[in-house]
Amino acid sequence: MGAADLLAFDREHLWHPYTSMLDPAPTRLVTGASGSRIAIDGVGEVVDGMASWWSAIHGYRHPVLDEALREQAERFSHVMFGGLTHEPAVELARRLVELTPDGLDRVFLADSGSVSVEVAMKMALQHQRGVGRPERTRFLTVRGGYHGDTFDCMSVCDPDGGMHSMWSTVLPDQVFGERPPGIGGDVAEWASGFRALAAEHAGTLAGLIVEPLLQGAGGMHPYPAECLRVFREVADEHGLVLVFDEIATGFGRTGALFASEAGGVSPDVLCLGKALTGGYLTLAATLCTSEVARGISGSDSGVLMHGPTFMGNPLACAVASASLDLLATGRWVHDVRRINRGLQALHDIDAAEVRVLGAVGVVRLDHPVDVAAATEAALSQGAWLRPFRDLIYTMPPYVCTDEDVATLCAGIAAAVKAG
Ligand SMILES: *Cc1c(COP(=O)(O)O)cnc(C)c1O
């Protein structure tokens, strides 16, 4: 099929994320990707400002990742994880235990970010049952969050963020605190409200789940690291399992390897995904402490009740380990700092608000973005962006050159004007 036929079939038959089948938004045909660039039919090579939804941190067709994939494919591509194990899974878990904050020693390899969040919530519920508190079935979180698209994940997403409000009648009823203040905001005032809310509902709460340091798809909102200590204290005070969802923030994006480190706080459960994969194959992980694992073992079943078909997929694990080895060289630290410097140019754009944290650059408009017009304008500058709501942002691959970053800033400036 030629490009026109592929696009025509796609339009007729394929659902894309958050789109209508009857009146689909335009899609563009990718014909290749290499380094920081993707090739789009009819447009040419453009800098990928999204890193494939924040996962392709080392860029496309990285020789080390390609080789890891090829090597594992020549051994075996998949076996069930029930009753069997393999080197790629063990090697990945070994690296994760070593890299992540202290105490997170038990690893569940899930097949997507949303599933890893479901598993984290299940861990918290089973832990509470195991320690004799089965009545604790709800979760405390903050407004403005995003934790995935499956049902329990949606229940802790921002309640007014569209998707969730539509489902409110069928979702578990969770407890929402105010969103933490932005950088430089009044943490003490927010914290006292949050502590009071936790105290009020403590008897029904199993866990506290948040995205540390940066709320991603719920609004690209960075907040002070002090708030992480408040989360830890609240969880300790009321016996809640503290879940940090670092699917967006993990592996250097905010400037620290994990956002938890920025607050000097270790969670009881940690979700990883996106950048974990190096952008190749779907994979996520839920890590927990031995204490949480002991609680789970004390619950009625005595086991963690989860086990996806593609758990611990060897191809995905092999690439993820290779990606972690690339991170272990420490080059990402310089790259993220360098990208951060380049993204400071966004402050010159005339907009409602500009936020730059690590390798994340966000421009907020005072109105909803005209996505089609903004996308087109960014492409004309050689940048691929995917704005949402009132936000035009970039989370590029760490391998972006300074020139690439300048292209992305020009793309964002053009998108702001057009959108
Ligand atoms: C993307 C994301 C998820 C969901 O991951 P999927 O792999 O898309 O299911 C969950 N939490 C956060 C913070 C995310 O950014």
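1. Asn313 sits in the loop that runs between helix H11 (290–298) and helix H12 (314–328). The model is a predicted one, and the remarks below should be read accordingly.

2. Despite its place in a loop, Asn313 is buried, because its relative accessible area is 10%, and buried means under 20%. Once its neighbours within four places in sequence are left aside, Asn313 is in contact with Ser77 and His78.

3. Both of these residues take part in polar pairings with the Asn313 side chain. From Ser77 it is the backbone oxygen that takes part, lying 3.1 Å from a polar atom of the side chain of Asn313. With His78, the polar contact is between side chains, at 3.0 Å.

4. Turning to charged pairs, the count of salt bridges comes to 20. Side chains of opposite charge can pair when their charged atoms come close.

5. Arg138 and Asp173 meet through their side chains in a salt bridge of 3.3 Å, N to O. This pair links distant parts of the chain, 35 residues apart: Arg138 belongs to strand S5 (residues 138–142), and Asp173 to the loop between helix H7 (163–167) and strand S6 (175–177). Asp173 counts as exposed because its relative accessible area is 55%, the term being applied over 50%.

6. Arg232 has a salt bridge with Asp236, in which the closest N and O atoms are 2.8 Å apart. Both residues, Asp236 and Arg232, are found in helix H9 (residues 226–238); they are four residues apart, about one turn of the helix.

7. Arg232 also forms a salt bridge with Asp268, the side chains meeting at 3.1 Å, N to O. Here the pair links distant parts of the chain: Arg232 in helix H9 and, 36 residues apart from it, Asp268 in the loop between helix H10 (259–263) and strand S11 (269–272).

8. The exposed Asp173 of point 5 stands in contrast, at 55%.

9. A further group of charged residues should be noted. Glu91, Arg94, Arg95 and Asp325 are linked in a network of salt bridges.

Note on methods. Residues are numbered from 1 along each chain as its sequence is written. This is a predicted model: local features need pLDDT of at least 70, side-chain atom pairs count only at pLDDT 80 or more; totals for chains, interfaces and linings use all residues. Side-chain values use heavy atoms; hydrogens and water are left out. Helices (H or I, at least four residues) and strands (E, at least two) are DSSP runs, numbered from the N terminus. Buried means under 20% relative accessible area, exposed over 50%, partly exposed in between (1.4 Å probe, protein chains only). A polar contact is a pair of N or O atoms within 3.5 Å; within protein, one must be able to donate a hydrogen and the other to accept it, and residues adjacent in sequence count only if both atoms are side-chain atoms. Contact means heavy atoms within 4.5 Å. A salt bridge is a side-chain nitrogen of Lys or Arg within 4 Å of a carboxyl oxygen of Asp or Glu.
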